[in-house]
Every structure is written in C-alpha cells, then in structure tokens.
Amino acid sequence: MTETSPDNAAPLPGPDPVLEDMAGVLDTEPERGLERVREAFSAEVDQAIESIENRTPDFDALKQVRLRFTGEKSGVGVANRQMRSLSNQHKKEIGKLLGQV
C-alpha cells in the first residue's frame, strides 16, 4: 500500500510486511520473529521521524504523515488489530512495543 504524500514529494511507503503478518512471523520464526517485529517497529519510527522532518511544509502535510503512521492502515494500526491473534507469550512484548511506538 502506498499513500499519496504532499506535492513534490515521493509517495509514503506502506506498512512493513512483517507488521502486516506479525502473528505469522512470530509463529513461523520463533527464534528470530520477535527481533524482526522489533526491527519493523523501529523502521516505522525512523520513517515517521524522517517524514515529519522532510515532508511537512504545512498542517495538511503533517496530517497526512500522522495518518500514515498512526491511522487504521498504518503499521501500528495493523499490528494493534493483530494483538488478539497473537499467542499469550507474545502479547506482552508486542504490547510494550506498540506502547513505545
């Protein structure tokens, strides 16, 4: 998924595929899955900061960035909806990550 960004800027990227299938990643990669999810959240935060610094010439642009990184279709929104499908062993850790993001 790619959303439109402010004029003269490249499109904002969609959520990381790891966050779109967080439960699958955690189930299929028990050794490395949690680290991959952490890395995906970290990348989302880095992209959000970069977007705020470089793509927000006005309030409307800032609103687009906010929606991209915290809206229903964002990585955070997608991950939040998946919480109910996670195993109990992962819910606590993923919940902490979501809170930090």
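A salt bridge, for us, is a side-chain nitrogen of Lys or Arg within 4 Å of a carboxyl oxygen of Asp or Glu. And accessible areas come from the Shrake-Rupley method with a 1.4 Å probe, where for residues only the protein chains shown count as cover.

Quick housekeeping. This is a predicted model, so local features need pLDDT of at least 70 and side-chain atom pairs count only at pLDDT 80 or more, while totals for chains, interfaces and linings use all residues. Residues are numbered from 1 along each chain as its sequence is written, and side-chain values use heavy atoms, with hydrogens and water left out.

Now the overview. The protein chain has six helices and zero strands; these are DSSP runs, numbered from the N terminus, with helices being H or I and at least four residues, and strands being E and at least two. Going along the sequence, you read α-α-α-α-α-α. Of the 101 residues, 39% count as buried. Buried means under 20% relative accessible area, exposed means over 50%, and partly exposed is in between (1.4 Å probe, protein chains only). The chain exposes about 6300 Å², and carbon and sulfur atoms supply 49% of that. As for contacts, meaning heavy atoms within 4.5 Å: among those between residues at least 6 apart in sequence, 53% join residues at least 24 apart.

Where does Ile 49 sit? Ile 49 is in helix H3, residues 33–54, and Ile 49 is partly exposed at 44% relative accessible area.

Next, please look at helix H5, residues 75–82. Which residues of H5 are buried? They are Gly 75, Val 76, Gly 77, Val 78, Ala 79 and Gln 82. That's six of the eight residues, so H5 is largely enclosed by the rest of the structure. What do those buried residues pack against? The list is helix H1 (17–20), helix H2 (22–28), H3, helix H4 (59–70) and H6.

Let's zoom in on two residues there. Val 76 is part of H5 and counts as buried at 18% relative accessibility. Val 76 and Glu 20 are 56 residues apart in sequence, and their C-alpha atoms are 9.4 Å apart in space. Then there's Gln 82, buried at 11% relative accessible area. Leaving aside neighbours within four places in sequence, Gln 82 is in contact with Leu 19, Glu 20, Asp 21, Met 22 and Ala 23.

On to a helix pair. H3 and helix H6 (residues 88–100) pack at an angle of about 10°, with axes 11 Å apart. That makes H3 roughly parallel to H6. The axes are lines fitted to C-alpha atoms, for helices over the stretch in contact, and angles run from 0 to 180 degrees between N-to-C directions. Under 35 degrees counts as roughly parallel, over 145 as roughly antiparallel, 65 to 115 as roughly perpendicular, and the rest as oblique. Who meets whom between these helices? Leu 34, Val 37, Arg 38 and Phe 41 in H3 meet Glu 93, Ile 94, Leu 97 and Leu 98 in H6.

Last topic: salt bridges. By our rule the count is five. One of them pairs the side chains of Glu 39 and Arg 32, at 3.2 Å, N to O. Another joins Arg 38 to Glu 35, with the closest N and O atoms 3.4 Å apart. Those two are three residues apart in helix H3, so about one helical turn separates them. In general, an α-helix has 3.6 residues a turn, so residues three or four places apart point the same way.

Arg 38 also has a salt bridge with Glu 93, at 3.1 Å, N to O. Glu 93 lies in H6 and Arg 38 in H3, so this pair ties together parts 55 residues apart in sequence. Through shared partners, Glu 35, Arg 38 and Glu 93 end up in one network.
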